Amino acid sequence: MAVSISQVSFEHHGTAFGIGEASPRISWKFAGDAGNWSQSGYSIEVTRLGETDVFDVDSSEQSVLVDWPTVALSSAESAVVRVRAYGGDSGIDTEWSEAVSVETGLLADDDWSGVQMIAANRSTEENAPHQPILLRKDFSLDTDVASARLYITAYGLYDAYLNGERVGDAVLAPGWQSYNHRLVYDTYDVTKLLQNGANAIGIQVGEGWYAGRIGFDTSRNIWGDTLGAFAQLVVTHSDGSQETVKTDLTWESSTGAITLSEIYDGEYYDSANDQPGWATADFTPPESATWIGVKELASPLGRLSAPDGPPIRRLETVELKEVITTPSGATVLDFGQNLVGWLRLNVSGPAGTAIKMIHVEVLENGEIATAPLRTAKQTDTLVLSGNGTQVWEPTFTYHGFRFVQVDNWPVEQTPLGKNSVLAIVFHSDMQRTGALETSDSLLNKLIQNIWWSLKGNFMSVPTDCPQRDERLGWTGDAHAFSPTANFLYDTAGFWRGWLKDVASEQVEYNNIVPVVVPNVPGVGAPFPTAVWGDVVVANAWNTYQTTGDLGALKAQYVGAKAWIDSGVPRAANGLWNHTYFQFGDWLDPKAPNDNPGDATTNSGLVADAYLVYVTNLVAQMATALGLDADVATYTSQVETLKKAYQAAWINGDGILANETQTGLALSLYFELFPSGQDVPAAQRLQSIIAENNYLVGTGFAGTHLLGLTLTKYDLTPDFYSMLMQTTVPSWLYQVVMNGTTTWERWDSLLPNGTVNPNMMTSFNHYAFGSVANWMFRTIGGLAPAEPGWKTIRVAPIPGGGLTSARAEYLSQYGMASTDWYTDDSGFNLKLVVPPNSKAEVALPGAGDQVLNVGSGTHGFKISGETEVIWETPDGQQKVIPLGS
């Protein structure tokens, strides 16, 4: 048996390069099969500035977010870290981990001295799209380069080049933030891109979210109306001297082949306007090109921020599945998967050939369905150069699509097929952590669909959809889906950055949390609303459950507390003031098609139930943070609010004002019924579900909690019956209708194969995929028993005709997994618990019995109804009475 350190990380960064923390906390994951292994101590080796120090801690199990052991790093300082862990009495110690580098970015505004935000020295476009600009500068390096860093951001989106080579692999950088409050800058190691002698740097900037059309209306220039770049190249020579190349008024500007490139509408690329080599030192402009000077824009100093989450990157490709000729004679590409990204073309043809690509999610009557896009065009156009084969991708746009109608393809020169067209998938590059596979192919497809919808909508911010004229950071969707996302991916850095924007905008709007973050005018002035506004509490808490990060929780507690204290408008009884609009149980399947908020559950009931819930979460946050006075305050508020809720919504017989799936689920899960009235209410919920033929009756507010509620009251078989339905409204209806992502509406595609005619119809929305949280916990049997997964709750419950399931989760300690199956001999479970963690195991049929186990591989077998055979990591077998 052995234990090793499999991964060392800093804060919540996948790659700790250009980070904003001067004293980054260190975490390490384990691999190995040692049984009951706990860390007794550790050593951290830090090498910096040519000196190595080792810091020994003799007695500590902590291996997650361990304090930086030495003097804080300075701006742009790097260190190399190794870790070793000790196993105490087990006699099993790890070897030193692999050396991992950490490097800070620029930690103070003074580090940007002399850098200017520059733009093309011309009038900006008014009430129209902005053509991307080219910015360049020649410079010379006379001595050898030891290292070089490029620090860069933009008003808009940027691509940077050095000597004609693209810098880095991020796309749509620096991503989308609440730019008035936070503008991310990125750091790149560009040492290998420089040369002695003549060099050139080029930056292309597109409008992106910053100055593009964003929101339901035609709003442009929300954060600014002029595109600009802000960068400095810091070159360190072999003798230790440094020189910098900064964006300033010595740069030149022009435009190139990209005529337009918009988030919603796509890109128009005219090769005739290309300027080959524009970012190289020997560049000679074409006669048709005009290069002009630059001007200075307002500085972003005071708002600059190193990234918290990962950048957007190209992460996979999808091959063309089929070329279709539609009834109208159009040519349509089918990639077999609804995805988010763009196309890469490998094409040659006559000069001036304009290849047009219209991206859609579905076909209707054999033709591309563009109505769900509303005003978004999702159209790219490539005008060929005629100079041989062109390999082309868009630059400053993205699309949600499975199908692409292609017009004017040069078939004589380039056959249209897999060799000429490829779909590129990109999203925020988070580490994959969780997976679940069952014996049922439809459930497996549902899990895959949920995963694809997450990927398509975690695009720097958590968007609702990736295709129509919206793609906004809707807070209610993120609230409902966050536990599912937190299992599938390491989302800690992603949420940390976005929640900073939530908090900033909350402060700007008098503690009201906007319904979309970043806020956009097209949604209207920010207004308080439950579930959506509650994200400032729930997502902070859900992330803490996953990470155990008290430092992040402390920072986020400020906004959570402010929302409860003054963001929620109150009635005299302390509940919501019901004169305010509420989304309520949005998209309840029985709501009118054109009025998705008119749910069967009163929106006031939903709001009040959530208010009690999130107030209780704030009390729990205060407990975790050791804020005793706040614990007392909010615990008292919860009791007062419960009584008010009961007086407002529950009669003396324990009957809820809205006896609906959502009404009962919320009241039960949030423990709002008076003592003794909850079990009868759960039985009524069971009856309502059965009378509805086990079809879904919940919208955004209720769906993510319905399964958890039923399992809480030992009604798991009923939720399995719901989960396995294939008629609308159900989760598997979307699967049997050949969906490859989760949908916004339960019936985005009608049973007759036509698109739901409402103009709010997306085929890539993750909110209803929140059911996966129940699946991971109940089918897979994996959940945190305490914040951070130090102790794992293992409680698989077979049902729904399933005969097996396998789940895995890469916790902060290492890989945990379950693998169970049932056969004629009974129930069999293989459990892997990573080193330095433990598990509480609740087996099917064991009632309240919990087995506490340590790390290693465990086997459990239940034969009959009397005993459990437990095979321990050292190969011993123990027989334990079932339920004892």
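## Aromatic pairs

Tyr-613 and Phe-670 are both buried in this predicted model. The ring centres of Tyr-613 and Phe-670 are 4.3 Å apart and the planes are at 10 degrees, so this pair is stacked. Tyr-613 belongs to helix α7 (residues 603-625) and Phe-670 to the loop between α9 and α10, so the pair links distant parts of the chain, 57 residues apart.

For Trp-820 and Phe-827, the centres are 5.8 Å apart and the planes are at 35 degrees, so this pair is tilted. Trp-820 and Phe-827 are both buried. The count of aromatic pairs comes to 51.

## Charges over rings

Lys-712 has its charged end over the ring of Tyr-669, 5.4 Å from the ring centre. The charged end of Arg-432 sits over the ring of Tyr-489, at 5.8 Å from its centre.

## Salt bridges

The structure holds 34 salt bridges. One of them joins the side chains of Glu-11 and Arg-25, at 2.7 Å from N to O. Glu-11 is in the loop between β1 (3-10) and β2 (17-19), and Arg-25 is in the loop between β2 and β3 (26-32), so the bridge ties together parts 14 residues apart in sequence. Glu-11 and Arg-25 are both buried.

Arg-149 and Asp-189 also meet through their side chains in a salt bridge, 3.1 Å from N to O. This pair links distant parts of the chain, with Arg-149 in strand β10 (residues 145-155) and Asp-189 in strand β14 (residues 186-189), 40 residues apart. Arg-149 is buried, with a relative accessible area of 15%, whereas Asp-189 is partly exposed at 47%.

Glu-671 lies in the loop between α9 and α10 and Lys-712 in helix α11, so parts 41 residues apart in sequence are tied together. Glu-671 is partly exposed, with a relative accessible area of 46%, and Lys-712 is partly exposed at 36%. Elsewhere, salt bridges with shared partners join Arg-374, Asp-464, Arg-468, Asp-469, Glu-470 and Glu-744 into one network.

## Helix α12

Helix α12 (residues 716-723) is mostly covered, with six of its eight residues buried. These are Thr-716, Asp-718, Phe-719, Tyr-720, Met-722 and Leu-723. The helices that the buried residues of α12 pack against include α2 (441-457), α11 (700-712) and α14 (772-779).

## Val-323

Val-323 is in strand β24 (residues 322-325) and is partly exposed, with a relative accessible area of 39%. Beyond its neighbours within four places in sequence, Val-323 is in contact with Thr-331, Val-332, Leu-333 and Leu-416. Val-323 and Leu-416 are 93 residues apart along the chain, and their C-alpha atoms are separated by 8.0 Å.

Terms used
Residues numbered from 1 in each chain as written. Predicted model: local features only at pLDDT ≥ 70, side-chain atom pairs only at ≥ 80, totals over all residues. Heavy atoms only, no water. Buried < 20%, exposed > 50% of the residue type's maximum accessible area, 1.4 Å probe, protein only. Helix = DSSP H or I, 4+ residues; strand = E, 2+ residues; numbered from the N terminus. Contact = heavy atoms within 4.5 Å. Phe/Tyr/Trp six-rings, centres within 6.5 Å; stacked < 30°, edge-to-face > 60°. Lys NZ or Arg CZ within 6 Å of the ring centre and 35° of its normal. Salt bridge = Lys/Arg side-chain N within 4 Å of Asp/Glu carboxyl O.
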